[in-house]
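Here is a brief report on one protein model. Please look at the sequence and structure first.

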Amino acid sequence: MKDVTPKSNLEILIKSLGIAIAIVLVITLLRLAFRIFLSVVIWIIPITLVLFIYHKFNDK
């Protein structure tokens, strides 16, 4: 059953602040992970080419 008792403004404000902080933390972590991925993505193509050449000439 839904709680229908009135809540104080401070309780609502604290709950909203907690949710806002959680949303900002999630966005920050996603941006950080994306920035780290972009800094490493330039290594994917050279490593792929080296592995391709290695497997092409060493597989018998």
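## Leu51

Leu51 is partly exposed in this predicted model. Its relative accessible area is 43%. Leu51 sits in helix H2.

## The nonpolar patch

Leu51 is one of the residues in a nonpolar surface patch.

H1 spans 9-40 and H2 spans 44-58, and each supplies at least two residues of the patch. Which helix gives the most? H1 does, with four residues.

## Overall fold

The protein has two helices and zero strands. Its radius of gyration is 25 Å. The globule rule gives 10 Å for 60 residues, so the protein is more spread out than a compact globule.

The box filled by the C-alpha atoms gives the dimensions. Along the principal axes, it is roughly 75 × 30 × 10 Å.

## Surface and burial

How many of the 60 residues, in percent, count as buried? The figure is 0%. A residue must have under 20% relative accessible area to be called buried.

The accessible surface of the protein comes to about 6200 Å². Carbon and sulfur atoms account for 77% of that surface.

Methods. Residues are numbered from 1 along each chain as its sequence is written. This is a predicted model: local features need pLDDT of at least 70, side-chain atom pairs count only at pLDDT 80 or more; totals for chains, interfaces and linings use all residues. Side-chain values use heavy atoms; hydrogens and water are left out. Patches are made of residues with over 30% relative accessible area and no salt bridge: like charges are joined within 9 Å, nonpolar side chains (Val, Leu, Ile, Met, Phe, Trp, Tyr) within 5 Å. Accessible areas come from the Shrake-Rupley method with a 1.4 Å probe; for residues, only the protein chains shown count as cover. A salt bridge is a side-chain nitrogen of Lys or Arg within 4 Å of a carboxyl oxygen of Asp or Glu. Buried means under 20% relative accessible area, exposed over 50%, partly exposed in between (1.4 Å probe, protein chains only). The radius of gyration is taken over C-alpha atoms; the globule rule is 2.2 Å times the number of residues to the power 0.38.
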